[in-house]
Amino acid sequence: MQDRPSPFPIGRTEFVVMMAAMMSMNALAIDVMLPALGAMAIDLQVASENSRQYVVSLFILGMGIGAIAYGPLADRYGRRPVLLYTLTGYVICSLLCVIVDDYTQFLVIRFVQGLFSASMFVLANSIVRDRYEGDAMASLMSTISMIFMIVPIIAPSIGQLILAFADWHAIFLLLVALSSMLWVWIWVRLPETLRETDRRPLSMASLRSGWGQILSNRNALCYVLGSGLVMSALFGFIASAQQVMYEYFGAGDHFGALFACVAGGMAVSNFTNARIVELYGARVVSHFALFAFIGFALINFALMATDMLILPVFIGLLGGSMAMVGFIGANFSSIAMQPYGHIAGTASSVQTFIRTVIAAVAGALIGQQFDGTPMPMIAGFLFCGLAALLVLLIGEKGKLLRRHNPPGTPPAPVA
């Protein structure tokens, strides 16, 4: 699969939408099938109710583990060829999920699909970092995330709509169609963004050097760990949301709409963040958001512990928490990537690996604690928020809410 450079540079609007589409394939492979987990469990003869969560958690774990490889490969061979090969693997795995009828085999394929899917988030980060840095990167990532967030908002409703006319296999056919279209779009329109001078040899010495730089930067590493902890709460919600809404609140018929209300908070915050982050700075915005995240979780926990929690309040507080995740995610990621413009691929790869493996494992543990009530999910939000705050205090030496780079720092676009 030879790399064919585009004869024209891609425009900013198309660039943003394309990066959002790449990231959306990960969310779509998770959220669109949430309403179908019960039907999958019946057809594939899943014995334990909580075991159905593995359809989600193993995909996420694959994303985390796969991330470690794609940065070094992309720093050596370029972003485009690695992206096109892995997107091909994503399409093939989607097809295999339609064919297989054994649950163990199905889970293996989902894990492998996650391995391939990891490239899209890693390389989207790398491609954006190739062109922008600092608060300008945080602003652009928020714009990308704002568009990307449309997918988790509507995906469960799409899944419910598909189930009204077909069985759950049709969901994977949708993934085949959309990922194939994305492959063609990238092949035709995306130019290579890696400078020739920034290509790195694929050797153990080069990898040790890159990993050493990344793991030795305490401040950047703490932002990666903090992001992973906040994402753990998000993945814990995704893993057990179907059971909480269907079994505890008895709101299965409204699952898509309720999920959209919760996820909608992230879309609103990304829209807002894109407009305020260059004014106030990524650190100030994200630190305030983390305090608010903990506050929402604490209120939810107190109401649940006193048996005063009702569905509208639960959804409102959860939506508030998710809105804070929108402020935290793009900003923490941009801060963590700031020192690594010269090794953006490797940095994105290692950071995504750490972040996603933490989130996948901790999120799965939160989901597996489901006991018929939302308490394990709510407690997971509170614990993860407090742990992220502790890590952040270590990284910033106890001094939060400070801006490190001055307002007006220009972006660093690549010609």
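Predicted model: local features only at pLDDT ≥ 70, side-chain atom pairs only at ≥ 80, totals over all residues.
User: Let's start with α8. How many residues does helix α8 have, and what should they span?
Analyst: Helix α8 runs over residues 169–189, so 21 residues, which should span 30 Å at 1.5 Å a residue. Its end C-alpha atoms are 31 Å apart, which agrees.

User: Which residues of α8 are buried?
Analyst: His 169, Ile 171, Phe 172, Leu 175, Val 176, Ser 179, Leu 182 and Ile 186. They cover an arc of only 145° around the axis, so they sit on the same side of α8.

User: And what do the buried residues of α8 pack against?
Analyst: Five helices are listed there: α1 (12–31), α2, α4 (79–99), α5 (103–131) and α7 (150–165).

User: OK, on to α9. How far does helix α9 reach from its first C-alpha to its last?
Analyst: Helix α9 covers residues 204–216, 13 residues in total, and reaches 17 Å. That's close to the 18 Å expected at 1.5 Å a residue.

User: Which residues of α9 are buried?
Analyst: Ser 206, Leu 207, Gly 210 and Ile 214. Looking down the axis of α9, these buried residues fall within an arc of 95°, so they line one face of the helix.

User: What's exposed on the other side of α9?
Analyst: Arg 208 and Ser 216 are exposed there.

User: Now the α10 and α11 pair. At what angle do they pack?
Analyst: About 155°, with the axes of α10 (residues 218–248) and α11 (residues 255–280) 10 Å apart. Angles over 145 degrees count as roughly antiparallel, and therefore α10 and α11 are roughly antiparallel to each other.

User: Is the crossing of α10 and α11 right-handed or left-handed?
Analyst: Right-handed. From α10, the contact is made by Leu 234, Phe 237, Ala 241, Gln 242, Met 245 and Tyr 246. The α11 side brings in Phe 255, Leu 258, Phe 259, Val 262 and Met 266.

User: Switching to backbone angles. What's phi of Gln 45?
Analyst: Near 55°, a positive value in a residue other than glycine.

User: Where does Gln 45 lie?
Analyst: In the loop between α2 (37–43) and α3 (54–77). Gln 45 counts as exposed because its relative accessibility is 72%, and the cut-off for exposed is over 50%.

User: And what about phi of Lys 397?
Analyst: Phi of Lys 397 is also positive, near 55°, and this residue isn't glycine either. Lys 397 lies in the segment after α15 (375–395).

User: Why does Lys 397 count as exposed?
Analyst: Because its relative accessibility is 63%, and exposed means over 50%.

Key:
Residues numbered from 1 in each chain as written. Heavy atoms only, no water. Helix = DSSP H or I, 4+ residues; strand = E, 2+ residues; numbered from the N terminus. Expected span 1.5 Å × (residues − 1). Buried < 20%, exposed > 50% of the residue type's maximum accessible area, 1.4 Å probe, protein only. Arc of directions from axis to C-beta. Axes fitted to C-alpha atoms, helices over the stretch in contact; angles between N-to-C directions. Parallel < 35°, antiparallel > 145°, perpendicular 65-115°, else oblique. Left-handed = near helix turned anticlockwise from the far one by under 90°. Contact = heavy atoms within 4.5 Å.
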